[in-house]
Amino acid sequence: MVTPTQAEVIAELQRLCREELELERTLAPSDRLEGDLQLDSMGLIVVVVGVENRFRIKLTETDSEEVKTVGDLAELVVRRSVEATR
């Protein structure tokens with residue numbers, strides 16, 4: 001498995017938000033998931049399941065404590081992808 005870059009993860013997040021949540025705005029790494037993107041618990045689940053499936057990783061409930069922005073989530077996905085290849 002090839003480790004994705006943060007840019008690839010953000011592009012996938014953009015696709016998920018557009019196709020699954022009908023969110024048309026362009027995502028920036030500094031966008032807060034709940035504040036700027038106004039994702040509710042269901043929206044967050046859609047995003048998490050989408051990136052788990054796309055990048056074949058598993059995120060935990062504990063991970064949610066450190067993830068506040070698009071950039072945080074992208075960094076976490078890259079880190080979990082690296083861990084999955086070990």
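Predicted model: local features only at pLDDT ≥ 70, side-chain atom pairs only at ≥ 80, totals over all residues.
## The surface and the model

Residues are numbered from 1 along each chain as its sequence is written, and side-chain values use heavy atoms, with hydrogens and water left out.

## The overall fold

The protein chain has three helices and zero strands, in the order α-α-α from the N terminus on. Its radius of gyration is 12 Å, close to the 12 Å that the globule rule gives for 86 residues, so the chain is as compact as a globular protein of that length. Here the radius is taken over C-alpha atoms, and the rule is 2.2 Å times the number of residues to the power 0.38. Helices (H or I, at least four residues) and strands (E, at least two) are DSSP runs, numbered from the N terminus.

Along its principal axes, the C-alpha trace spans about 35 × 25 × 20 Å. Of the 86 residues, 40% count as buried; buried means under 20% relative accessible area, exposed over 50%, and partly exposed in between (1.4 Å probe, protein chains only).

## The largest pocket

The largest pocket has a volume of about 400 Å³, taken as the space filled by probe spheres set on grid points that are joined across faces, edges and corners. On a 1 Å grid over the protein atoms alone, a pocket is an open set of points with protein on both sides within 12 Å along at least five of seven lines, and lining residues have an atom within 4 Å of a point.

The lining holds 18 residues, of which Leu33, Leu44, Val48, Ser64 and Val67 lie nearest the centre. Helix 2 gives the most, with seven residues, and helix 3 (70–84) supplies at least two.

## A look at Ser30

Ser30 sits in the loop between helix 1 (6–21) and helix 2 (41–55). Ser30 counts as exposed because its relative accessibility is 55%.

Leaving aside neighbours within four places in sequence, Ser30 is in contact with Asp36 and Thr69, where contact means heavy atoms within 4.5 Å. The C-alpha atoms of Ser30 and Asp72 are separated by 8.5 Å, with the two residues 42 apart along the chain.

Key. 1 Å grid on protein atoms, 1.4 Å probe; cavity = no way out; pocket = protein on both sides within 12 Å on 5 of 7 lines; lining within 4 Å.
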